[in-house]
Amino acid sequence: MHEPDDELEQKLRRLADDQEPVPADLIRAAVDAFAWRDIDAELAELVYDSLVDADEASLVRGSSGQRLVSFAAGDMTIDVEVTSAGPERTVMGQIAPPQPATVDIRGPEDTVTVEADELGRFRSGPLPHGPASLRLRPPSGDAGPQVVTDWISL
């Protein structure tokens, strides 16, 4: 037996889909965000962003094409420099304490994977402008947890 509210809900959904459909990019981003969710990973919190935290004097002296971002998860910090070159971005980072790791730079369209050396240093090639998150995976055989950063806009 159908409830009258069920029929009304169906009609309202069809009307909303016809009048103001959800953009396909937004649906894909929502699905991707859920798919990237990793229950076992430790979340690294954004603790510094030069776009927000820098004082006026450093904004005058600093380069407009560079952004410094820091994340913290427990005793680990991940310092990232994002450099703009036209429509592309380059990410260079340092993990402290120094350690090797596989670093996935995740975006809405794809993932770029780079290796952090034994000093914790890593660097990406050109990346598109847009949202990104880092996922650090310990080397094979290492029992350490994965670390996932907040999403930032490159």
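This is a tour of a predicted model, stop by stop, with what to select at each one.

**Before you start**

Numbering runs from 1 along each chain as its sequence is written, side-chain values use heavy atoms, and hydrogens and water are left out. In this predicted model, local features need pLDDT of at least 70 and side-chain atom pairs count only at pLDDT 80 or more, while totals for chains, interfaces and linings use all residues.

Helices (H or I, at least four residues) and strands (E, at least two) are DSSP runs, numbered from the N terminus.

**Stop 1: helix H1**

Select Glu 9 and Arg 13. Their side chains meet in a salt bridge, 2.9 Å from N to O. A salt bridge here is a side-chain nitrogen of Lys or Arg within 4 Å of a carboxyl oxygen of Asp or Glu. Both residues sit in helix H1 (residues 4-19), four residues apart, about one turn of the helix. Glu 9 is partly exposed, at 37% relative accessibility. On this scale, buried means under 20% relative accessible area, exposed means over 50%, and partly exposed lies in between (1.4 Å probe, protein chains only). The model has five salt bridges by this rule.

**Stop 2: a nonpolar patch**

Now select Val 22, Leu 26, Ile 27 and Val 31. They form a nonpolar patch on the surface, with about 370 Å² of accessible area together. Patches are made of residues with over 30% relative accessible area and no salt bridge; like charges are joined within 9 Å, nonpolar side chains (Val, Leu, Ile, Met, Phe, Trp, Tyr) within 5 Å. Accessible areas come from the Shrake-Rupley method with a 1.4 Å probe, and for residues only the protein chains shown count as cover. Pick out Ile 27 in helix H2 (residues 24-36). Ile 27 is partly exposed, with a relative accessible area of 46%.

**Stop 3: the cavity**

Show Phe 71, Val 80, Val 82, Val 91, Ile 105, Ala 132, Ser 133, Leu 134, Thr 149, Asp 150, Ile 152 and Leu 154. These residues line the largest cavity. Strand E3 (76-85) and strand E9 (131-137) are the elements that give two or more residues to this lining. The largest share, three residues, comes from E9.

A cavity is a set of points, on a 1 Å grid over the protein atoms alone, where a 1.4 Å probe fits but cannot get out; lining residues have an atom within 4 Å of a point. Grid points are joined across faces, edges and corners, and a volume is the space filled by probe spheres set on the points. The count comes to one cavity of 30 Å³ or more. The volume of the largest cavity is about 70 Å³.

Colour the lining by class: nine residues are nonpolar, two polar and one charged. Ala, Val, Leu, Ile, Met, Phe, Trp, Tyr, Cys and Pro count as nonpolar, Asp, Glu, Lys and Arg as charged, and the others, Gly among them, as polar.

**Stop 4**

Asp 104 lies in strand E5 (residues 101-106) and Arg 135 in strand E9, so the pair ties together parts that are 31 residues apart in sequence. Asp 104 is buried, at 2% relative accessibility. Arg 135 is buried too, at 14%.

**Stop 5: the E4-E5 loop**

Which peptide bond is cis here? Look at the one from Ala 96 to Pro 97, with omega near 0°. Pro 97 lies in the loop between E4 and E5. Pro 98 is in that loop as well, with strand E4 spanning 88-96. Pro 98 is exposed, at 51% relative accessibility.

**Stop 6: Ile 78 and Arg 121**

Move to Ile 78 in strand E3. Ile 78 is buried, at 1% relative accessibility. The C-alpha atoms of Ile 78 and Arg 121 are separated by 9.8 Å, and the two residues are 43 apart along the chain. Arg 121 is partly exposed, with a relative accessible area of 43%.

Finish by selecting Asp 117. The side chains of Asp 117 and Arg 121 meet in a salt bridge, 2.7 Å from N to O. Asp 117 is partly exposed, at 22%.

Methods. On a 1 Å grid over the protein atoms alone, a cavity is a set of points where a 1.4 Å probe fits but cannot get out, and a pocket is an open set with protein on both sides within 12 Å along at least five of seven lines; lining residues have an atom within 4 Å of a point.
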